[in-house]
Amino acid sequence: MKITSVRLGRISVPLRTPFKTALRSVSSVEDVIVEIHTDCGAVGYGEAPPTGAITGDTTGAIIGAIQDHIAKTIIGRDVDELEPLLQSVQKCIVGNSSAKAAVDMALWDLYGKIAGKPFWKLIGGDAACKGRVPAGAVVGIGTSAETVEAVRRCIDAGYTRVKLKVSPGEAVRAVQAVRAAFPQLTITLDANQSFIEEDIRQLRALDECGAAWIEEPLDPKRAPMDGPSDVLARLARLQRLLKTPICLDESIVKPGDAARALRYPELRCYALKIAKFGGVQPSLEFAAAALERGCTVWMGGMYDTGISKRLHAAFETLPGIDMPGDVGATARYFPTEICDPAYEVAGGLVKLNPKGHRHGIGCDLDRAALKEVLVRSVTIKG
């Protein structure tokens, strides 16, 4: 069974409502969908979610890297052995981890369909999960009343962990209001690198809210006059002042950053995003290394479709990745769902491989829905 073509689709999807973080207000997102076709009709799907703000991998650069480099290394190759294909993807181009990850995802999906196994079993997931994992929800920055009401809706939908976006100012009071309203709820915080060391009073106020962790509190571009300028060293120093674990996300742009972060014993929490690590295997290797050191590893998310969401959710079947990740239902922010079946969360749980989609990542594409959001497509053949 051989790969005959690679199809790339650049999509632009509006959000139901603008989503506000410390960095920006987002009203629409661009994404790249990858399809790998074979001579037997099997198709594997991958995705490059919008990581440009972190990695610099724009949609144009992702399409160019796959079209000019990666596709040429896999077209005509046999699919029956996965490892050589994955290695060729990693070696054919320097950088652009998002492009590598998107093709890598599609190859895993394709192999699962050919081998007759779900993706979560291919990566060594625990069968005790019974093909279901818990999902977390994310709430953007708003007033205290707006935030409490948004969290209430998440709880009513069955979510047991809710992430609150925070920034200096009103967001601190909003977190305090959420904690007062829902004292037993597992909450996590995401500052998107919006604070500096001089905001220690606000950070200490957040530290008293009983969050499971706070993601990326420090702005890497605004180092203090005294002390280290490297953001990892700054985060390690801040961690010594806070009891709430500091979680790394944006500070890790490439795998080398992750290896360097693991050398700081204070930094013991990581949001894992497959696109940033360049694919499934590099992500598995980092998760194993971090868990071996006793760190917390959980699955992050972006404005991604059900393709990427399903892969990230599947990682929660791995021993040690126990917290509900940012793998909530896409319908919470996208009015258009391009996956068939739609990626959904019921009672706070994701069913990884719905009926009729028992193998691979668990979905196909809804061609009619894809057409509505498709900006450009290109097919690369041998």
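How are α2 and α4 oriented to each other? I opened the notebook with this question, bearing in mind that the model is predicted.

**Entry 1: α2 and α4**

I looked up helix α2 (residues 59-74) and helix α4 (residues 97-115) and found that they pack at an angle of about 50 degrees, with their axes 9 Å apart. The two helices α2 and α4 are therefore oblique to each other, and I noted that their crossing is right-handed. On the α2 side the contact is made by Ile62, Ala65, Ile66, Ile70 and Ile74, while α4 contributes Ser98, Ala99, Lys100 and Val103. Sorted by class, this contact of α2 with α4 has seven nonpolar residues, one polar and one charged.

**Entry 2: α6 and α7**

I then turned to helix α6 (residues 144-156) and helix α7 (residues 170-181), whose axes come within 8 Å and cross at roughly 45 degrees. The crossing in which α6 passes α7 is right-handed. Ser144, Thr147, Val148 and Val151 of α6 make the contact with Glu170, Arg173, Ala174, Ala177, Val178 and Ala181 of α7. By class I noted six nonpolar, two polar and two charged residues in the contact of α6 with α7.

**Entry 3: the nonpolar cores**

Next I looked up the largest nonpolar core, which has 120 residues, and in which Val6, Val34, Ile36, Ile66 and Phe315 are those with the most contacts inside it. The largest share of this core, eight residues, comes from α4. Apart from this core lies another, of five residues, among them Trp213, Cys247, Ala271 and Trp298. For Val34 I listed the residues it touches, not counting those up to four places away in sequence: Val6, Arg7, Leu8, Gly44, Tyr45, Gly46, Ile66, Ala102, Val103 and Ala106. Ile66 and Val103 from this list also belong to the contact between α2 and α4.

**Entry 4: Leu107**

Is Leu107 buried or exposed? I found Leu107 in helix α4, and with a relative accessible area of 1% Leu107 is buried. Leaving aside neighbours within four places in sequence, I found Leu107 in contact with Ile3, Ile36, Leu82, Leu85, Leu86 and Val89; one of these, Ile36, is also among the residues with the most contacts inside the largest nonpolar core. Finally I noted that Leu107 and Leu122 are 15 residues apart in sequence and 12 Å apart in space, taken from C-alpha to C-alpha.

Terms used. Residues are numbered from 1 along each chain as its sequence is written. This is a predicted model: local features need pLDDT of at least 70, side-chain atom pairs count only at pLDDT 80 or more; totals for chains, interfaces and linings use all residues. Side-chain values use heavy atoms; hydrogens and water are left out. Axes are lines fitted to C-alpha atoms, for helices over the stretch in contact, and angles run from 0 to 180 degrees between N-to-C directions. Helices (H or I, at least four residues) and strands (E, at least two) are DSSP runs, numbered from the N terminus. A crossing is left-handed if the near helix is turned anticlockwise from the far one by less than a right angle, and right-handed if clockwise. Contact means heavy atoms within 4.5 Å. Ala, Val, Leu, Ile, Met, Phe, Trp, Tyr, Cys and Pro count as nonpolar, Asp, Glu, Lys and Arg as charged, and the others, Gly among them, as polar. Angles under 35 degrees count as roughly parallel, over 145 as roughly antiparallel, 65 to 115 as roughly perpendicular and the rest as oblique. A nonpolar core is a set of buried Ala, Val, Leu, Ile, Met, Phe, Trp, Tyr and Cys residues joined through side-chain atoms within 4.5 Å. Buried means under 20% relative accessible area, exposed over 50%, partly exposed in between (1.4 Å probe, protein chains only).
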